[in-house]
Amino acid sequence: MATLQKIRNRGVFIGIIIGGALLAFIAGDALKSGGSLLTNSRNEMAEIAGESVNIRDFQNRFNHNLEVTKLMSGQNSIPSDQMDKIREQVWQQMVQEIVMNREYDELGISLTSQELWDMVSGNNIDPTIRQLFTGEDGQFDKNNVVRTLKQLISAPDGTPQKAYWLNIEEQLIAQRTLAKYNALIAKGLYIPSAYAKNMAGNGSKKVSFDYVVKSYNSISDSTVNVTAEEIKAYYNENKELFKQDESRKIEYVPFNIEPSTDDFKYTEKWIADMKADFTAEENVAQFLELNSDSKLNTYYFAKDENSNKELDSFMFAGSKGDVFGPYDEKDAYKLAKISDIKMMADSVKARHILIRPVNGDFKAAEAKADSLKQLLNKGVKFAELAKTNSDDQGSAVNGGDLGWFTQGRMVPEFNNAAFSSKRNEIKIVTTQFGAHLIQVVDLSKAVKKVQVAVLDRKVEASQKTFQAAYAAARKFAGENQDRDAFFKAISEQNLTRRVANLKKDTKLIPGLESSRELVRVAYNTDNTESVLLNNDNSAVFEFGEKFVVAILSDIKEEGFASIKDVQATIQREVRKNKKADMMIASMAKNSKSAQSLLSVAQKESLEVKNAADVSFQSFQIPGAGIEPNVIAYASNTEKGKISAPIKGNQGVYMILVNDVKEDALTEDAIDVFKSRMNQNYQYRTSYQSMQVLRENANIDDKRYKFY
């Protein structure tokens with residue numbers, strides 16, 4: 001089992017099992033239908049391609065992945081943000097499995113045991129297996145794979161090592177099966193030679209042209225009337241433009257829990273009352289540990305290095321034990337005591353040997369570091385020991401050399417040891433990374449430096465202030481529970497009103513700490529006439545330093561936006577089209593007798609501009625912006641002929657092509673272009689096919705009911 005333990009220590013499985021291509025393990029029959037629980041709609045977390053997904057099945061898989069993460073990371077608890085990521089990965093896995101397994105069954109795609117064996121220890125080793133069983137010499141050891149498999153076969157079911165390996169196998173099966181599916185689609189793609197030749201020709205032809213543009217802004221909006229019938233007609237003709245995802249809008253009033261004047265006075269008095277004790281105390285580190293919001297900063301400041309100029313002047317004029325303050329800084333009151341004065345180097349040049357702890361055994365690492373120190377004392381060269389023993393491979397190749405570094409660049413323990421060392425002195429120090437053998441080989445010139453101990457206390461809202469904010473929020477909620485009263489009170493009391501547009505998967509509302517609960521509440525009701533209630537049936541939500549009273553103000557269902565919601569957008573577009581028609585008529589009339597583009601410009605009071613080397617595949621026109629319609633016209637307009645008016649994005653254009661450059665197309669050039677197009681299509685195959693399958697699966701995601 002040593003190999004699997006070694007792999008675990010590397011932490012490789014976190015990416016393989018949990019992340020990867022969202023294709024981790026297939027959890028047996030976790031998604032099988034049947035059983036009385038699935039008939040209970042309250043437990044249905046989603047419906048994917050007609051298949052119901054029960055919250056318990058999802059939670060079981062999530063719990064499994066969570067335990068794997070704990071085992072692989074060595075953590076007993078996982079931060080909430082990482083748990084959210086694991087939960088999202090489990091969801092993506094389940095969606096992909098349900099959607100893709102239907103495709104695999106229909107197409108007869110599978111992976112045999114012989115194929116899996118070939119990937120693990122045959123002639124076509126999977127890159128994942130190759131990486132895991134490559135030794136320090138860089139060589140893949142197939143015999144080690146076989147030995148490990150034999151050990152696992154005889155191991156009891158449920159052991160961590162066996163579970164790890166089964167997870168790897170299942171991930172390999174999922175990846176290879178998907179690769180087969182994508183290959184099947186890719187083989188069906190074909191680019192005709194004529195199409196490739198035409199596209200290559202479009203890219204090889206470049207035109208330079210003069211143009212004039214009459215901006216839509218030159219006609220006032222107030223002069224162009226848009227009727228309700230025109231808006232309705234545009235909506236019906238272009239309904240596909242107005243597809244929308246499901247969303248909800250809430251509006252809320254925040255009641256901030258902010259320190260009052262009394263809170264500031266209290267904190268200022270507290271810090272002032274501590275001055276005598278702080279001045280008399282000799283063990284400042286322990287004093288700060290017991291009384292301060294911040295621990296002792298062991299950094300030694302050089303002159304003019306402290307950003308607080310008054311404090312800096314005090315530090316270099318005072319003596320050890322002197323105290324500065326009280327003073328306020330960043331919503332806190334502070335006292336600063338000169339805790340030490342030294343002549344120190346600004347920078348040191350050092351080298352080290354790092355011994356990382358195995359399975360968290362720091363004592364063993366320190367013991368090994370001590371044995372290496374004994375070898376150094378006997379005359380063994382530091383560089384040789386570093387190259388063969390240091391776990392910091394970045395510096396080991398250079399004999400452990402870290403070069404020159406200034407104070408504060410390293411972690412505190414390492415920094416303190418280095419800057420308190422004499423030249424060539426060897427020390428052992430333990431940090432979060434392991435045990436270090438440190439040797440300072442050179443120091444810069446020593447200068448006066450000062451260490452200050454800062455006793456600080458942040459100004460925080462008192463219980464009285466907290467209760468006052470809550471009382472204000474509760475009073476507002478109690479008196480304004482219905483929609484009309486809610487908005488009327490905001491206006492009359494001149495309160496701050498915030499708006500948030502939410503999706504089902506919105507995790508955090510900007511400005512509101514840990515606000516997922518409010519999103520869930522907004523999606524678990526269709527009531528837009530009353531304030532929202534939390535799980536305690538209260539209208540007052542608490543998020544960090546804010547109390548919030550909110551109302552669901554709008555619900556947008558998935559499908560097409562209503563005419564009312566998009567009326568302003570349609571009105572702008574219809575007005576622009578009307579302006580375009582007016583401009584086209586005017587410019588067409590003025591161009592009839594025009595001998596040049598300049599004369600058209602003079603009649604329309606416009607400026608003639610130039611665009612050089614524009615091809616059909618150009619993204620924009622220099623100086624004009626994104627104008628695909630104008631680019632298409634220019635690429636296909638006869639040289640020396642003034643074009644008809646062209647409707648563009650920014651206005652109406654007229655152009656005159658004055659130069660055409662067209663590179664000769666060789667068969668080799670066409671083949672290269674065709675190959676590039678083919679590669680692009682192959683690349684798009686995997687993600688676009690999955691995207692289409694997901695869309696056709698009609699996924700009804702109800703996770704918001706539970707998380």
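A: The charged end of Lys 337 is placed over the ring of Phe 278, at 5.6 Å from the ring centre. A charge is taken to sit over a ring if NZ of Lys or CZ of Arg is within 6 Å of the ring centre and within 35 degrees of the ring normal. Arg 130 also meets this criterion, its charged end lying over the ring of Phe 140, 5.0 Å from the centre. The model is predicted, so local features need pLDDT of at least 70 and side-chain atom pairs count only at pLDDT 80 or more, whereas totals for chains, interfaces and linings use all residues. Residues are numbered from 1 along each chain as its sequence is written, and side-chain values use heavy atoms, with hydrogens and water left out.

Ring-to-ring pairs come next. Rings of Phe, Tyr and Trp (the six-membered ring of Trp) are paired if their centres lie within 6.5 Å; planes under 30 degrees apart count as stacked, over 60 as edge-to-face, and the rest as tilted. On this rule there are 19 aromatic pairs. One of them joins Tyr 299 to Phe 301 in an edge-to-face arrangement, with 5.0 Å between centres and 75° between planes. Tyr 299 and Phe 301 are both buried, where buried means under 20% relative accessible area, exposed over 50%, and partly exposed in between (1.4 Å probe, protein chains only).

Another edge-to-face pair is that of Tyr 470 and Phe 547: their planes stand at 65° and their ring centres are 5.3 Å apart. This pair connects distant parts of the chain, since Tyr 470 belongs to helix H19 (residues 463–479) and Phe 547 to strand E15 (residues 546–556), 77 residues apart. Helices (H or I, at least four residues) and strands (E, at least two) are DSSP runs numbered from the N terminus. Phe 547 is buried, at 2% relative accessibility, whereas Tyr 470 is partly exposed, at 31%.

A further group of rings brings in helix H20. Phe 255, Phe 476, Phe 486 and Phe 487 make up one aromatic cluster. Phe 486 is buried in H20 (residues 483–492), as are Ala 485, Ala 489 and Ile 490. These four residues lie on the same side of H20, because they span an arc of only 135° around the axis; the arc is that of the directions from the helix axis to the C-beta atoms. The opposite side of the helix carries the exposed residues Asp 484, Lys 488, Ser 491 and Glu 492. Among the elements covering the buried residues of H20 are E5, H19 and E15; contact here means heavy atoms within 4.5 Å.

The two ends of H20 can also be described. At its start, a side-chain oxygen of Asp 482 comes to within 3.2 Å of the backbone nitrogen of Asp 484. A polar contact is a pair of N or O atoms within 3.5 Å; within protein, one must be able to donate a hydrogen and the other to accept it, and residues adjacent in sequence count only if both atoms are side-chain atoms. After H20 comes Asn 494, which has a positive phi, near 55°.

E5, one of the elements covering H20, spans residues 247–256 and includes Ser 247. Ser 247 is buried, its relative accessible area being 14%. Apart from neighbours within four places in sequence, Ser 247 contacts Leu 502, Lys 503, Tyr 523, Asp 554, Ile 555 and Lys 556.

Elsewhere, strand pairing can be traced around E11. Strand E11 (residues 434–443) is largely enclosed by the rest of the structure, because seven of its 10 residues are buried. Strands pair if DSSP finds at least two bridges between them. E11 runs antiparallel to strand E8 (residues 347–355), with eight bridges joining the two; Leu 354 is opposite His 436 of E11. Strand E10 (residues 426–431) is also antiparallel to E11, through six bridges, and Ile 426 has Gln 439 as its bridge partner there. Two residues separate E10 from E11 in a hairpin.
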